[in-house]
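Here are my notes on the model you asked me to look through. Please read them with the structure open.

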Amino acid sequence: MKLAWIFAAFVFAWRSSGTSHPKPSCRYPPSQWCRSLEIAIECKVQKQCMEVNATRPDGAVPPVSVKLYYESLCPACRVFITQQLFPTWTMLQDIMTVTLIPYGNAKELPSVNSPFTCQHKEPECHGNMIEACVIHLTGHSAFQIIYCMESAANVVSAAQPCLQLYAPSVSWSSVDSCVKGGLGRRLMHANAVMTRALNPAHTHVPWVTFNGEHTEENEDKAMSSLFHLVCQLYKGVKPPACTGAPVRLNRSFC
């Protein structure tokens with residue numbers, strides 16, 4: 001499940017050496033090959049998974065906690081998720097945790113029919129609630145689904161196919177019921193409460209906290225190279241991926 005870059009490396013090695021790729025009967029993507037012994041056996045990667053487990057960091061050292069406060073249709077948020085947060089998590093998920101809070105600059109209103117208003121209008125409110133429901137219902141697969149949605153041309157329209165791709169056991173009807181019912185509103189209210197509780201208060205999105213704290217210095221570093229910052233903040237033995245050179249990107253906000 002973790003250190004996806006290692007899986008990619010040995011898949012490439014197998015292909016380069018002429019050895020066949022795991023048989024089509026393996027139903028799981030490389031990122032999940034070491035999620036359990038059963039999956040490793042089915043995908044014929046027991047030896048590789050043992051090697052991966054041997055490189056994992058000391059469990060006594062806490063991972064870097066990254067929380068993203070964002071909006072589903074904010075262009076800057078979409079860039080940060082797709083170009084910084086998800087790639088960093090893919091490489092460093094052994095030493096970091098990610099919490100997504102879709103709400104951002106929305107406002108909660110005393111209205112039964114329209115309890116929220118959003119910076120990018122009603123479609124964004126709808127997208128925020130879909131993503132809140134997806135996060136609640138799909139567990140470990142949630143971030144992959146959110147990434148799939150945020151990297152699509154139309155975030156809202158991509159929700160159902162992204163769900164089917166990464167969490168086929170979760171029905172779209174359950175997400176739709178959440179969005180249209182009381183659960184979705186309760187989830188959005190909880191996100192509103194968490195966002196309003198930020199100290200210092202957020203002034204834009206994406207707004208990122210590290211281990212519960214937000215500083216301008218860390219924000220600057222995160223927007224240019226989140227990967228490098230997570231490696232820097234982790235207090236344990238650095239994983240091999242952290243020895244790579246950081247890639248700096250331009251920053252933007254909503």
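The points below go from the overall fold to single residues.

1. **Basis.** This is a predicted model, in which local features need pLDDT of at least 70 and side-chain atom pairs count only at pLDDT 80 or more, while totals for chains, interfaces and linings use all residues. Residues are numbered from 1 along each chain as its sequence is written, and side-chain values use heavy atoms, with hydrogens and water left out.

2. **Overall.** The protein has 10 helices and five strands. These are DSSP runs numbered from the N terminus (helices: H or I, at least four residues; strands: E, at least two). Of the 254 residues, 45% are buried. Here buried means under 20% relative accessible area, exposed means over 50%, and partly exposed lies in between (1.4 Å probe, protein chains only). Take the contacts between residues at least 6 apart in sequence: 68% of them join residues at least 24 apart. Contact means heavy atoms within 4.5 Å.

3. **Helix 4 against helix 6.** The axes of helix 4 (75-92) and helix 6 (142-150) come within 9 Å and cross at roughly 145 degrees. Axes are lines fitted to C-alpha atoms, for helices over the stretch in contact, and angles run from 0 to 180 degrees between N-to-C directions. The crossing is left-handed. That term applies if the near helix is turned anticlockwise from the far one by less than a right angle; clockwise is right-handed. Helix 4 contributes Arg-78, Ile-81, Thr-82, Leu-85, Phe-86 and Trp-89 to the contact, and helix 6 contributes Phe-143, Gln-144, Tyr-147, Met-149 and Glu-150.

4. **Cover on helix 6.** How many residues of helix 6 are buried? Eight of its nine are, so the helix is mostly covered. The buried set includes Ala-142, Ile-145, Ile-146 and Cys-148. Their cover includes strand 1, helix 4, strand 2 (96-102), helix 5 (121-138) and helix 7 (159-166).

5. **Salt bridges.** The structure holds five. The criterion is a side-chain nitrogen of Lys or Arg within 4 Å of a carboxyl oxygen of Asp or Glu. One of them joins Arg-78 and Glu-150 (3.6 Å, N to O). Glu-150 is buried, at 2% relative accessibility.

6. **Two further bridges.** Arg-196 pairs with Glu-108, with the closest N and O atoms 3.1 Å apart. Arg-196 is in helix 9 (182-196) and Glu-108 in strand 3 (107-108), so the bridge ties together parts 88 residues apart in sequence. Arg-196 is exposed at 51%, and Glu-108 is partly exposed at 30%. Arg-27 pairs with Glu-42, at 3.2 Å between the closest N and O atoms. Arg-27 is exposed at 63%; Glu-42 is partly exposed at 24%.

7. **Glu-71.** Please look at this residue. Glu-71 lies in the loop between strand 1 (64-70) and helix 4. It is buried yet has no salt bridge; Lys-107, the nearest side chain of opposite charge, is 9.0 Å away. For charge, Lys and Arg count as positive and Asp and Glu as negative; His and the chain ends are not counted. Beyond four places in sequence, the contacts of Glu-71 include Tyr-103, His-120, Glu-124, Asn-128 and Cys-254.

8. **Asn-128.** This residue sits in helix 5 and is buried, at 1% relative accessible area. Besides Glu-71, Asn-128 touches residues including Ser-72, Pro-102, Cys-118 and Met-188.

9. **Backbone checks.** Most residues other than glycine have a negative phi, and most peptide bonds are trans. The bond from Asn-199 to Pro-200 is cis, with omega near 5 degrees. Val-205 to Pro-206 is also cis, with omega about 5 degrees. Pro-206 is in the loop between helix 9 and strand 5. Phi is positive at Lys-44, near 60 degrees, and at Asn-211, near 50 degrees. Lys-44 is partly exposed at 49%, and Asn-211 is partly exposed at 45%.
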